[in-house]
Amino acid sequence: MKAVPVASSAPSLGVWLARFTPGQGFVLLAVFLLVLPWLVPNYQRVFVAEIFVWGLFAMSFAIVFGYGGMLSFAQAVFFGAGCYGFNLGTFYFGFNTWGAVISAVIAAMLFAIPIGYIATRVRHHHFLIVTVIISVLVTTILDSGHWKWLAGPYVTRSLTFVPEVPLGIVSFSFFSEMVAYYFTVIMVMLAVAVSWLLVHSPFGRALLAIRDNETRAKLIGLNVNRLRWIMFVIAAGIAGYSGALFALLARFTNLEFFHWTYSGKAVVMAIIGGVGTLIGPFVGTAFYLLSNEYLSQFFQQFVIGVGIILLLVIRYAPEGLWGLFAGWVRSHRSP
Amino acid sequence: MPRRLAPLQILGLACFVLLLAVPYALPLLGAKFWVNIVAEIMIWSLFAASVNLLFGYTGLLSFGQALYFGFGAYGVALGVDILGLSFWPAVLFGVFVAGACAAITGIFAARLTWHYFAIITVVFSLIFFFVAVGWKSVTGGDDGRPFTVPPVLKVGGVEFTLLDPTFQYYFIMTVVGACFYLMHVILKSPLGYTFIAVRENASRLGLIGYSPYLIRYISFVIAGIFAGVAGVLFALFARYVSAQYLFWTVSGEGVIWALIGGSGTLFGPVLGATFLIVVREELSIYWEHYLFAVGVIVILFVAFAPGGLMGLLTRALDWLAKKPAERTAPEIAKPAPRAKGPGGGP
Amino acid sequence: MSATRRNFMKTVLAGGVLGQGLNLTFTKDLFAKPTGKPIIIGHQCDLTGAISSWGYWLDKAAKAACDHLNANNGIAGRPVQYVVEDTETNPPTGARKFRSLVQRNEADFVLGSVHSGVNLASVPIAKELQTIYMPQGMAAEMTESKGNRYIFRVGSDTYSQAAAGVEWAVKNLGKKWSFVFADYAWGWSHFNEHKALLDKMGASIGDPIAVPVDAKDLLPYLAKVNKDAEQLYSVFIGSQSVAYYTQSKSLGLDKRMNRYSVLCTHESISPKELGGASEGIYMLEYMPRGLKYKDTAHNRKLRDLMKVDPVDGKEEGSNRILASSHYWASWESIFFIQKAVEKSGWKTKKDTPEFIKALEGMKVEESFEHPQGPKYIRKEDHKAVIDFYMSRVENGEIHVKQKIDAADLEKRFPPRHDFTKESF
């Protein structure tokens, strides 16, 4: 080892990283997330938590697209449905935080059942078109003014109180940024774990089979449309769940979250990070939001930068940034 | 084949005659307003046809066709208003600007196929939309920019200008007609067949020595130019441009018109644009939220009649052309040949 | 052209057969009954889309004005027919609807949308179709370089707003200004108009902060606000405006500096519903939302017609908040049309040039027809010179602090354009 010059740190970093097994990597990540809030200043902690929420949203898209092969632009509808479900639970049923989160997930899935039924019946471009149209329809309806009781004045509804997280006898308040951070991260991790189990279950493998060759999947007796539909609804539930987490964190909801351009953001973030994995969308989201945060101060038309990055990624790294990184680490692994 | 196409051709010819008569017939019927609507339908048909050229023939779904439409519109408006060009140079400038924009963005976009192509076209059009909204001093932003249309030509002492609705109508009809004829020529040429070939099986096309990239690129630029011509016409027609022309809703309408009309057929987009614009004009009278009905119509078409209006029409004509004894139920129920997504796989 | 089905459903046709039959039972209406071919007033109104919450009130006020006229001998003894079409708050649609109003519904005069883009798209067509157009949007250009002689403005525009507010604001709120606004035409024109005046007054202006229209989270932009600014001028609309109030307050900007804006950013929004986010903000009103600051018999009568409460301007039986600074302009436009028709002897569209000459320079006194106050339409640039009010949000209500009289204001925004030389 002494023979290795210290200066060549880049390859040695790769070698070092390549030594970890996925399990160890996970522990490392958990420790990192635990320590992270102590390293960042105030306000930034909530920002980091926000990255996780939007990352989860992007992941819900990655499940539909990367595993289900469906380019869905309706994901934002479910995020928004989650926000409104949260409002409904909080303001009309008077649920506590847990109840509101659950009602958010239920609301999103209730939206997804009919939408998914229609959308999963069509293929390719038509799927994309149908999901865009449905998002536009939903936003148009909710914009009509009859939903003010739910959407709030000017389609913005602010939380009038600081949310509390009751846990048995103790109750944590979102007033503390630390609580907000840890609560969000733990909730997001739970969702990721559930999604991991899902995509590695026989169900997830069946979906991969459908994505890769629908005809063959049909021949071996899979009910293609129904499986796609179930996947669509589950992913919608995750999107709604992230909507509720966002409402807790930002303490406001807006009709705009229903808009398909927010789906577009999820698409861009997930693709930049990589859609073939569950961690990729988080990497993409972090990259997108961090560069937005810091670059937009110097460069107002940040969207141009995003466009160029997206082009480069699609063109030269279709696996996304995470895929690029994982490949680089793997290349250092001794055979 | 010729025998089966004949009824459709007769119908087309009849439509053409009707279109010629519009500026004189409609005012007689007391519907002066509809002359302008028909003119507008022709412009949007051309725009929908440019989406269809990519989607129906080359198999690329562009959600950003408004970009070239907007460039054409801004090209002619700024050509007149800032550069002080007269009519024809401004028109050519508009078409050129749209074509140049398509030629540059096409370098990137044509390398991609379906998912990614759709995404990147959305991103391109959003980028330029935001630039146009923010750059108020030149584009007028979302407030837009009205401008004065210069006379088209002067013959002797007579000046022909678009301010005369009848002249404007025939001007638009001529330009749109020429574009459709050009599109017909292109699609019937060997180049047109390679478009379809690249949609059906790009890798096989590569094996026999064609570059799928180049073919997609050519198709992309041609479609951009047609969209640009539509933009030029619309700016002249409205005497106004705004960043709104580059907005995604414009692209989305183009896709929907092409789809409803029947993608992969030359005149399908005309049917789609006509149908939905008439629905809009009549329905919006009764119901402010008529868009909802439009959305439902589109979803029904996508799910149950992927061949669009043109598909329904040819099937209906086929059925009528048959002897009653041959009119069997299964024949009617058979789905029309539809424009398939490229390659079949993801 | 036969009256379309739309007219049947949506117009106020008091001169129609049915109306006449019913009116006969009331003696009061016997001698006030207008007769003859109706005068058609079209309204290109934003009934759906981004500013539909304002459009609702402009429509309601214009409709009420036409009803009032029909009950009182119409215009020059002729009945008034009111036709409304929806712009979807979108310029191409709006322009098409303008054509539809004039060509399909044969409107003689058209009230415009509040969306400047729709207005600018309709301005050239108004001249082509030789139809009077009264836009309600705020862009100054349409009664200046981009306008023409057929365009009249009854309300205010960014030019007159800047002129009205800036003097008071510099004197009372501070000389160090900072600007944050949505990155589109409306925001920039506010900035430019203010900058021109502030430069003259020697006030300092920080770099403008233009926020992309799609930004939901304004914190990164608000963080750029100059720390020693004394006042922060903002121009946002709708939900972005709400986000601005909420986030600028949570950053404590309201403690460090005066927040100042035009009422457009708070139009049809109740301060109570924002949970105190807009508390303390100064705003230029074009007509007070609270009745007590304009407690005249005329204003009370108009607000009764609108069925709104005296403090918040909330509509009876709904959640709608009165677009108090804008709705009166569509009400008054109708009466300006009436006065100019009667003054010029307008009979058909051929007489429109006479109508224009009559309206140019027209002065009106405060009355039920013109409850906002005395005003006059300048000959040169067709802009109205009106009263303004400097107000502040206090305890969830909007309170007037200072009235800015039209008479004082006039010299502060001299005409920049002259239409009187233009041919018809």
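The contact between chain B and chain C takes 24 residues from chain B and 32 residues from chain C, two residues being in contact if their C-beta atoms, placed from the backbone, lie within 7 Å. The model is predicted: local features need pLDDT of at least 70, side-chain atom pairs count only at pLDDT 80 or more, and totals for chains, interfaces and linings use all residues. Residues are numbered from 1 along each chain as its sequence is written, while chains are lettered from A and ligands numbered from 1 in the order in which they are written.

**Chain B side of the contact**
- H2, H5 (114–134) and H12 (268–286) of chain B each supply at least two residues of the side that touches chain C; helices (H or I, at least four residues) and strands (E, at least two) are DSSP runs, numbered from the N terminus.

**Nonpolar core**
- The largest nonpolar core has 336 residues, and Ala108(A), Ile43(B), Phe226(B) and Ile41(C) have the most contacts inside it.
- Such a core is a set of buried Ala, Val, Leu, Ile, Met, Phe, Trp, Tyr and Cys residues joined through C-beta atoms within 7 Å; buried means that 20 or more other C-beta atoms lie within 10 Å of the residue's own, placed from the backbone.
- Helix H2 (residues 32–58) of chain B gives the largest share of this core, 19 residues.

**Sheet in chain C**
- Three strands form an open sheet in the order E12-E13-E14 (chain C), with antiparallel pairing; two strands pair if DSSP finds at least two bridges between them.
- E12 (363–364) and E14 (384–385) of chain C stand at the edges with a single partner strand each, so one side of each lacks a neighbour in the sheet.
- E13 (residues 375–377) of chain C pairs with E14(C) over two bridges, and Ile377(C) has Ala384(C) in E14(C) as its bridge partner.

Notes
A residue is buried if 20 or more other C-beta atoms lie within 10 Å of its own, exposed if 12 or fewer, and partly exposed in between; C-beta atoms are placed from the backbone.
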